[in-house]
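Here are my notes for you, written as numbered points. Have the structure open while you read.

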Amino acid sequence: MGIVAGLDSSSAFTHIVVCDADTGAVLRQGYAAHPMEAKATEVDPQVWLLSLGEAATGGLLEGVQAIGVSAQQHGLVPLDRQGNLVRPALLGNDKRAQVAAADLIDGLGGRQAWAEAVGAVPQAAQPVSKLRWLARTEPEMAQRVAAVLQPHDWLVWQLLGRPARRTTDRGAASGTGYWSAGSESYRPELVELALGHQAALPEVLGPCDTAGTTPEGLLISAGTGETMAAAFGLGVGVGDAVVSLGASGSVMAVHHEALADPSGMITSFADATGMHLPVVHTSNAVRALRGTAEMLDLEGLEELSTLALKSTPGASGLVLLPYLEGERTPRLPHTAGTLSGLRRESMKPEHLARAAFEGMLCSLADALDVLRGRGVEVRRVFLLGAAAELPAVQAFAPTLLGTEVVVPEPAQYAALGAARQAAWALGVSQGNLDPRTPPAWQDAAAQVLDPGEELSVGQAVRQQYVATREQIHPGAFDATR
């Protein structure tokens, strides 16, 4: 069918993959860091274009017929009536809108009202909260805002030459806080609630739609957010969940409908295929491992993993509730972590090391159970992040998560998902692909881990963890049941 490309503009870099449109085989790649501070909370979007241009040098896109764009989520790009930037873009890691998010929750009548309206309770990261923050702290700037985009929307618009038509997709739109994944429509009154007046919102395209074609004839697909693109690049479907191990953690799964959750634990995203992608976040994942490694004066997580494997299941009775930065799942924002079960025989470094791994994975299993409790089918779990390569994680995860675990080889899955979407849009435009069925690309190379006969051992460790959690934080999950 041809050659396509996928572009992922993350918070720190741009990565481009050029793929065979029929098989997904990667033909060549390009990379460039963003010329900005890694921890910046606001930025001139032009740096994304500079990074894109650098990544695409050397004829990288020669012969490419279509390109898809994935980008960091929750960024807010405010534009005036002429399409010019009102102020630097606000990025998803900006926590200044926490009070604004709380104001919005109260302004609509509570958490349940938001869950019913858009499938998510406002968080500081979301564009709707950033609009409220802008209106409260920079009112003169806010009054000039006539249109709002997210990073992926803005990049597509720039690639097409800034046409009158501005577009997004249902995946990116579902993270704004003013588009409902349930009704698949905007709630413009929520923009007005946040900003104080209406603003133009981009047209929401379907999964295989085309945003436009450049003067050179390059087809631009709808694009999507990084989370949705990565899921599409991995090829996850119904029955699959993805557990991401970063400093914090997340669990998402493909589902046939949007989920409204008044507790705020579930964020109801749409995916890049026409399905839904409910996500549950934890505040603590690998940060619990790093903290334990520092406490034990170890060089890094590899040493912690080796030490943990010297212990036995259940860590001789030690249980770590890894709520070091408070916790989102369960909703315990002001709590602290707890180490329970200290006895003379359990006070050994290897047991503490194992308790850290078991605590992190049991916390993520709790998040997985939030989705299961709402009818989400989970037959296997994809485990992502550098920590997924640790032997202790691979040894403990299948039994503690209670299912088959797939550890894909490291790859640029968001860029691959963007490229797959481009291939879909190209195929549909040429009449070669069904609009309801994405191209069948080769599966990601992966290691498959099965709980096997050790499942009952993992269940006993989980029970020990749950009993400790219920004793210290009784009823913490009652709102989700």
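1. Start with aspartate 80 and arginine 144, which form a salt bridge with their closest N and O atoms 4.0 Å apart. The term means a side-chain nitrogen of Lys or Arg within 4 Å of a carboxyl oxygen of Asp or Glu. Aspartate 80 sits in the loop between β6 (77–79) and β7 (89–90) and arginine 144 in helix α5 (residues 139–144), so the pair ties together parts 64 residues apart in sequence. Helices (H or I, at least four residues) and strands (E, at least two) are DSSP runs, numbered from the N terminus.

2. A word on the source: this is a predicted model, where local features need pLDDT of at least 70, side-chain atom pairs count only at pLDDT 80 or more, and totals for chains, interfaces and linings use all residues. Residues are numbered from 1 along each chain as its sequence is written, and side-chain values use heavy atoms, leaving out hydrogens and water.

3. Buried or exposed? Aspartate 80 counts as buried at 10% relative accessibility, while arginine 144 is partly exposed at 41%. Here buried means under 20% relative accessible area, exposed over 50%, and partly exposed in between (1.4 Å probe, protein chains only).

4. Now look at aspartate 271 and arginine 170, whose side chains meet in a salt bridge (3.5 Å, N to O). Aspartate 271 is buried at 5%, and arginine 170 is buried at 4%.

5. Aspartate 369 and arginine 372 also pair up, at 3.2 Å, N to O. Both lie in helix α12 (residues 349–372), 3 residues apart, about one turn of the helix.
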